[in-house]
Amino acid sequence: MQAKKRYLLVSVGAGLLFLVYLWGLQIGEFQQQQYQYQHFPQYPQYPQYHQQEYQYHHQGQGVYRPQPLPQRSPSRPPRHWPESTELLEPYLEGGEQEEDSPQLHHQHTSPHERRAICDNIYKNKRCRMETCFDFARCQSGFRVYVYPPLRGDQVSDTYHKILSSVKESRFYTSDPSRACLFILAVDTLDRDQLSAQYVQNARSRIQSLPTWNDGRNHLIFNLYSGTWPDYTEDLGFEVGQAMLAKASADVVNFRPNFDISIPLFSKEHPVRGGGIGHLTLNEAPPSRKYLLVFKGKRYLTGIGSETRNALYHIHNGEDIVLLTTCKHGKDWEKHKDSRCDRDNQEYSKFDYQELLHNSTFCLVPRGRRLGSFRFLEALQAACIPVILSNGWELPFSEVIDWRKAAIVGDERLLLQVIQDRVDSHVSRNQLLWNSLPGGLYALPQYSTDPAQFPFYYAVLGKSPSQQFTAVIHTVTPLQAQLSPVVKLIIAVAKSKLCAQIVVLWNCDKPLPARSKWPSTSVPLTVIEGQTKLMSSRFFPHDIILTDAVLSLDEDAVLSTNEVEFAFTVWQSFPERIVGYPARSHYWDSARSRWGYTSKWTNDYSMVLTGAAFYHRYYHYLFTHSVPASLLTTVDHMANCEDILMNFLVSAVTKQPPIKVTQKKQYKETMMSQGSKTSQWADPDHFAQRQTCMNTFSHWLGFMPLVHSQMRLDPVLFRDQVSILRKKYRDIERL
């Protein structure tokens, strides 16, 4: 009896010691993370625009000094969507399973062997940004370096597209010492040993890189891993502390907030711009011919066969069309079952694209691997994906709530990201990711508050600020007190809705004395740029505090009534450009290029920023998101900055600008007076704008401009009633 007691005490004591040991490990890790957070480097500020600023008030002259941006909290929120790593049992009864169909738990590789493979590949399973990423390399900004190819290196067309996209992005640097993130030149997309794209000796090539450092601050891309018959996640090399951007990511091996799940895409996928969407109906829910469709291979043997083998149970050939064929591979006839001939015959009756674009729901079952091309194809066709792939970490699930865009089922029942992690002191609101225009256009470096963007006022039940800032771009010297820019300042300053006037002095002549400028009832600030580049017109100056910006050319001719009416319209459409001078684009089939026209018609797709309202956020987006190559084009030509701003806003909103009432004399007035007399009439100026249209659309990969025939006029505009009944009376007199 005493021996039993001693044995029990020893067992309990050993258990307590083991628990204390585990507790000590957790405390150590917690303290390490605390240290990481406390010593986290602040996100570097963007280079400030070099300028001399002069602020003129009617009371006197002052100097404006920008205020520093507020510091952000270093905390990061936890994931909002629960994850399940539980392995699910097969849903088919034993009598319904094919004889050559394996169970979900693989028969060819034992669980012990599979764990050994994963442990070898993912030796740093506990890697997180706080433990396996060197933030110190990113203090000068988020820059990405692509290794140069070695002699004999060959990459697939798909990997070449990825590398080209990175090199053409605003994040790329050719200097490894400035890099925050490194991308391999070794093609790691296809790690199936039976594939012709499989790269031999990948392990030695990667580990010989001088800055590999066990993968720290490296990103590895992979679309296919493992090979027949088990299709494990074996890559043939250790990823170490590198982040893995992987298609068909398994939740068991996926390292949350470190790895990135990406969708599986075909080699025909475009480099940029994505495929053209096919949404043609606006009903909710859409009324389409089919309810649920699928057309694809049926695997008779090996992993992934069970789900597709059961689809015939709910196929009715009418509103539910689920087609499979076993006619694929070299030895399909050796394994054909009693349903193959009937399935193959039914399979040939339907066209895949016709099914895809005419169905409300599209089935996305797992194949040999967890991911499928059909995921992207369904989204492109505006067909709601119904996903049957247990254990698949859905693409970009760290930031996208797929519950709002897809139905995730159970097989038993029939993804500007890395940067967010680098900026881990920025907590991006989920509304920015899951509401239009999406997280790629709502940059957290500008703000993490949705109310600071022009896209979410209606959702939040808020309105933009009730005043505007007029920003006048000036490139010619003041001639006299009655010069066009002086008249413009006086007219704008009369508006009770104007908070301040900012003059951007990009003229080569010295800044005029205070006596040359008119006295106004609102603050007048003159900012003299040292570079005097055309793209600096849209620099996000800290002095602009209102949501609305009234962008004006120095020779714009607008009355106070016209300014106030346009601002009233903009308040209802704060995400769009609202203004007066309109232009349009068209496709020139004879020359196979886009054309630009200034003809006055009922159709337009651009509102020029020579007299237009827009949200101040577009200044930030223009400066920090538009590629440097396009800004250089604008600066070299000293032209097209207004077209580029229209491209940007339309690409973000997928909507046209809004034209408001305009006097017919506006065009003639602009061409008969002011500094742009020669510019508007110069044929070279017009030819440059034609070139810009095609340069911008080529870079984007698509034409973002949208045509419109809507024009908004004041109430009772041109009606035969007393002028005293009209609010904007002066507009009709002009």
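Which residue forms a salt bridge with Arg 537? In this predicted model, where local features need pLDDT of at least 70, side-chain atom pairs count only at pLDDT 80 or more, and totals for chains, interfaces and linings use all residues, the partner turns out to be Glu 641, with the closest N and O atoms 3.0 Å apart. Residues are numbered from 1 along each chain as its sequence is written, and side-chain values use heavy atoms, with hydrogens and water left out.

The pair links distant parts of the chain, 104 residues apart: Arg 537 sits in the loop between strand 17 (524–529) and strand 18 (548–553), while Glu 641 belongs to helix 18 (residues 641–653). Helices (H or I, at least four residues) and strands (E, at least two) are DSSP runs, numbered from the N terminus. A salt bridge here is a side-chain nitrogen of Lys or Arg within 4 Å of a carboxyl oxygen of Asp or Glu. Both Arg 537 and Glu 641 are buried; buried means under 20% relative accessible area, exposed over 50%, and partly exposed in between (1.4 Å probe, protein chains only).

A search of the whole structure turns up 16 salt bridges. One of them joins Arg 203 to Glu 238, whose closest N and O atoms are 3.4 Å apart. Arg 203 lies in helix 5 (residues 202–207) and Glu 238 in the loop between strand 7 (224–225) and strand 8 (243–246), so this pair ties together parts that are 35 residues apart in sequence. Arg 203 is partly exposed at 36% relative accessible area, whereas Glu 238 is buried at 15%. Glu 346 and Lys 349 also form a salt bridge, with 3.4 Å between the closest N and O atoms. Here Glu 346 is partly exposed at 24% relative accessibility, and Lys 349 is exposed at 56%. Arg 298, Arg 339 and Asp 343, for their part, are linked in a network of salt bridges.

Back to helix 18, this time with its neighbour in the packing. The axes of helix 16 (residues 617–625) and helix 18 come within 11 Å and cross at roughly 105°. Axes are lines fitted to C-alpha atoms, for helices over the stretch in contact, and angles run from 0 to 180 degrees between N-to-C directions. Angles under 35 degrees count as roughly parallel, over 145 as roughly antiparallel, 65 to 115 as roughly perpendicular and the rest as oblique, so helix 16 and helix 18 are roughly perpendicular to each other. In helix 16, Tyr 618, His 619, Leu 621 and Phe 622 take part in the contact (heavy atoms within 4.5 Å). The residues they meet in helix 18 include Glu 641, Leu 644 and Met 645. The contact residues divide into 8 nonpolar, 2 polar and 1 charged. For this count, Ala, Val, Leu, Ile, Met, Phe, Trp, Tyr, Cys and Pro are nonpolar, Asp, Glu, Lys and Arg are charged, and the others, Gly among them, are polar.

Helix 17 (residues 628–637) and helix 21 (residues 683–700) pack at about 175°, with axes 11 Å apart, and are therefore roughly antiparallel. Ser 629, Leu 630, Val 634 and Met 637 make the contact from helix 17, meeting residues of helix 21 that include Gln 688, Phe 696 and Trp 699. In the loop between helix 17 and helix 18 lies Cys 640, which has a positive phi of about 75° although it is not a glycine. Cys 640 is buried, at 0% relative accessible area.

Helix 14 (residues 484–493) is mostly covered, with 7 of its 10 residues buried. Val 485, Leu 488 and Ile 489 are among them. The buried residues of helix 14 pack against strand 15 (468–474), strand 16 (498–505), strand 17, strand 18 and helix 15 (560–570).

Pro 437 is found in the loop between helix 12 (430–434) and helix 13 (457–460).

As for confidence, the protein chain averages a pLDDT (the predictor's confidence in each residue, from 0 to 100) of 77, and 72% of the residues score at least 70. Over residues 16–108 the pLDDT is below 50, and this stretch has 176 contacts in the model beyond near neighbours in sequence.
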